[in-house]
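Here is a friendly first walk through a protein model. Take a moment to look it over, and then we'll go through it piece by piece.

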Amino acid sequence: MLADKAGNAGPERRPSPHWRTPARLWSLLALLLGLALSLLVQNQQWRREQAEQWSVRTELANKVYSGMQGQLQLLETLMRATQSLYLASDLVTPDEFADFYFNMRPGERFPALLALAYAPRTQRADGAHYIIQLTEPKKGNAILIGLDEAGQKENLAGLLQARDSDQVTMSAPFRLVQPGKGTGSDMGVTLSLPVFSPGAMPRTIEERRAREQGTVSASFRLSTLIEGTLPEGLTGVLRLRVSDVTRSTPQLVYDSAPGSATPDAAGPRYGRTLVHGGRKWDVAMYPLAARVDAWHWATLQAGTLASLLLAMLVYAIVGTRHRALELGWRMSRRYRESEERFRALNERLPALVLLASSDDGRIVYANQAARSRFGAGVTGHRLAELFKDAQPEALAGGGAAGEQVEAGLIDETGAPFWANVAITHVATNGSDKLLMVAGDISEQRRLTERLSYQASHDALTELYNRHEFEHRLRAALAAAGPDMQAVLLYVDLDQFKLINDTSGHLAGDQLLVQLSAVMRRQLRDNDVLARLGGDEFGILAFGMVNQSTAEQMAERLRRSIDGYVFTWEQRSYLVSASIGGVLVDCPKVQVKDLLSQADAACYLAKERGRNRVHFHSEGDGEAQRRRGEMEWAQRLQWAVDEGLLLLAYQEIKPAKPSADDGVCVELLLRYRDENGALLPPGVFLPAAERYGLMPTIDRWVVQVALANFGRLHPIGAELRMVSINLSGASIEDAALADQIVDWLGFYQVDPKRVCFEITETVAVRNLAAVVRCMGRLRAVGCRIALDDFGAGMSSFTYLKNLPADAIKIDGSFVRDMLTDPVSRLMVRAVTDIAHQLGLTVVAEWVTDEATVQALAELGINALQGYAVHRPELTLFHRA
């Protein structure tokens, strides 16, 4: 019997009674290990803080470097402008030079600038001389008149180098004659640039030497230049030292902590080397004091306490283990005394243990777990009767002894269950037996099936996921033919993101679940419905005779979604979907191409107004461009440099014209393809939005529009208002508003003549960023308009918080207002509320005279659309 083998075992060695000493040793090891880990963690935290301080200080050094470099480049721009003055005029009089200096207002842009001087070139027997003849401002700089800038050999070499290269050269630092405030404020530097005779800019060295007329120079105070670039609070934590290292012997030109000891060369240093005009400056920062944080010691104290607790826990566990070993030894000794005691231990096993004869397969022993599962009378039955399909003899000889296999068993009620079964031959009392040990794995099998289900289904909607949908589509393609046609539908919900942004993702999830049930009711049992991701669904419907049948089925599905009203927390949303379709009738098409065609068709449905069905055809040129979005992103990278992006304008006219009305336009973006055709923004902007190119494009549009403000429209400088669209990605750029304000000043455009349009969905999604950006622009006089207003149906609550001047009603309401009473009511409601808030109302998508008359009766202020004016290229972009 089973007890025979156990009975042959020798006497078990009793555990040592001296268990307390090993327990103390283990606890001591645990304590030491915990202390070591605590020290390691403290060291890592200290190193991480040092690394963070290094990163922050290096970034500060980079900012100082960039600021200094930017100031030098601005000064160089001023000198280039002065050079252009002489290129454009045969003779620049002192008054013209003074007027030029006054108009450029360098004192506002370059606080460090001391003097801008002009010195004509005079050739004498001993060589070339550059005697300063003109200087501005005159106050404090009279001493410069008559000074020979070539008086020193090094200065003369720099002037000649500037002439031959037409590049700015910088002098070595020198002491200024103009008095300054503060220590180190007497150091200055001069930038020099050649002046050529009037005409085109010389291109070669010989031409530059022949046409050299003199030199223009700008001197500035180093301390003012450097301190103007320092971030607030920097000098409280870092010491800034700037040295001229052009020569072998460095020359200190600025020190934020003069009089202090020279920084340790081996200590921490943060900085960059600035190269400009042939000079090299070392911009270095040194920490003023090391920071010691008490929390490092708190970490060590906490680690020490944890180590003590760990040591106590180890001490208790080891002691308990020794006591358990002692108890186990005593129990095993008692159970070895007889076969009955061993059998009692075997009876307690949760596994199903059976022993059968190898000759006839009859069961001679079953433990309590086996008797409970197979019945008390299982002894005497054949072992094969317990199996659903497999034979125990085959399992015993089909592999290594004790190898586990999954097999179906039958309990005493006849119900099947799955078990891990191991059958092996054993010898007891001189006869061969089959020992079977089985464990119930039915729950594991159910879990495996559940995991398989989850791998092929969407967790939220319990529909098929994209992977399983592609598998089914691949099978449908393989079987496609004249007798088996199917249709692939790509469903994308309209304005789903708005529901997520306004009511939260929980509402969006609930909408997806409800719409899944709505769509499922429109399909047959053998049709496949899957969630492909986000708010996109895929449908594979079989038995389509032709495309007309497929279109009827898709339209029926669209109407079921369009008629659904989603309610969430006292808010109601009208839901619609854009559907793209393609027939599955050619087995040679790949799955990815079929999905791409359906996706492109869905995109075209959205482009043509949403809430509609569009089927793919080989003539869909726009769909092909949609499939090439990545190619579009690459093309847009260099589209600006190659002049492929163009600006068009569309006039916005008053609903009730008067003699005092000026011309207002909105700027529209166009792309000129390789064939010269102008493509609308809907073709290429989705790629720009997906790949993060919109901030670059928006900045280009704004700068080009302001730089050519007088050439946007045939009316020229009398243009009253220009509207420019800004994307959501640009609004999130905190530096954009300040950049626009700088451009307005640089190009001398009155901010009151510029209006920036932001879509309602962008305003709702990025309320804080929009309020900050709009407030900055309105503070200088710009106007702000909310575009596509009313699409979200929740916009009225935001009007009180948004600093807007005008709203543009979404074109979908204007388009349908003559045939849809609800759309007309929405237009009236938006108009009345906007007027109560003092806002101007503009209607978009005005396509006929009847709509113009109806809008005028409702009190709309202005109109935009093909009935008013068709877009035209701006003057400077016309071929």
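## What you're looking at

This is a predicted model, so to speak of local features a pLDDT of at least 70 is needed, side-chain atom pairs count only at pLDDT 80 or more, and totals for chains, interfaces and linings use all residues. Residues are numbered from 1 along each chain as its sequence is written, and side-chain values use heavy atoms, with hydrogens and water left out.

How confident is the predictor? pLDDT is its confidence in each residue, from 0 to 100. The protein chain has a mean pLDDT of 82, with 89% of its residues at 70 or more. Residues 1-10 are another story: pLDDT stays under 50 there, and the model gives them 14 contacts beyond four places in sequence (a contact means heavy atoms within 4.5 Å). Where pLDDT is low, the predicted coordinates should not be read in detail.

A word on names: helices (H or I, at least four residues) and strands (E, at least two) are DSSP runs, numbered from the N terminus. The expected span is 1.5 Å times one less than the number of residues.

Which residues of H25 are buried? They are Ala769, Val770, Cys773, Met774 and Leu777. Here buried means under 20% relative accessible area, exposed means over 50%, and partly exposed is in between (1.4 Å probe, protein chains only). Looking down the axis of H25, you'd find its buried residues within an arc of 115 degrees, so they line one face of the helix. That arc is taken from the directions from the helix axis to the C-beta atoms.

On the face turned away from the buried side, H25 carries the exposed residues Ala768, Arg772 and Ala779. The cover over the buried residues of H25 includes helices H22 (728-731), H23 (736-746) and H24 (760-765), along with strands E28 (754-759) and E29 (783-789). After H25 comes Gly781, which has a positive phi, near 115 degrees.

## Helix H13 and what it packs against

Helix H13 runs over residues 466-478. With 13 residues, H13 reaches 18 Å from its first C-alpha to its last, close to the 18 Å expected.

The buried residues of H13 are Glu468, Phe469, Leu473, Ala476 and Leu477. They pack against H12 and helix H17 (591-607), and also against strands E17 (486-493), E18 (528-533), E19 (536-542) and E22 (577-584).

## Rings in pairs

How many aromatic pairs does the structure hold? There are six. Rings of Phe, Tyr and Trp (its six-membered ring) pair if their centres lie within 6.5 Å; planes under 30 degrees apart count as stacked, over 60 as edge-to-face and the rest as tilted. Take Phe374 and Phe417: their ring centres are 6.2 Å apart and their planes sit at 35 degrees, so the pair is tilted. Phe374 lies in helix H10 (residues 368-374) and Phe417 in strand E15 (residues 416-428), so this pair ties together parts that are 43 residues apart in sequence. Phe374 is buried at 8% relative accessible area, and Phe417 is buried at 4%.

Tyr671 and Phe684 make a tilted pair too, at 5.6 Å centre to centre and 45 degrees between the planes. Since Tyr671 lies in strand E25 (residues 664-672) and Phe684 in helix H20 (residues 681-690), the pair ties together parts 13 residues apart in sequence. Both Tyr671 and Phe684 are buried. Elsewhere, Phe566, Trp568 and Tyr573 form one aromatic cluster.

## Salt bridges

A salt bridge is a side-chain nitrogen of Lys or Arg within 4 Å of a carboxyl oxygen of Asp or Glu, and the count comes to 31. One of them joins Arg446 and Glu443 at 2.6 Å, N to O. These two are three residues apart in helix H12 (residues 442-456), so about one helical turn separates them. Arg446 is partly exposed at 48%, whereas Glu443 is exposed at 52%.

Lys592 and Asp593 form a salt bridge as well, with their closest N and O atoms 3.2 Å apart. Lys592 is exposed at 55%, and Asp593 is partly exposed at 32%.

Technical notes. pLDDT is the predictor's confidence in each residue, from 0 to 100.
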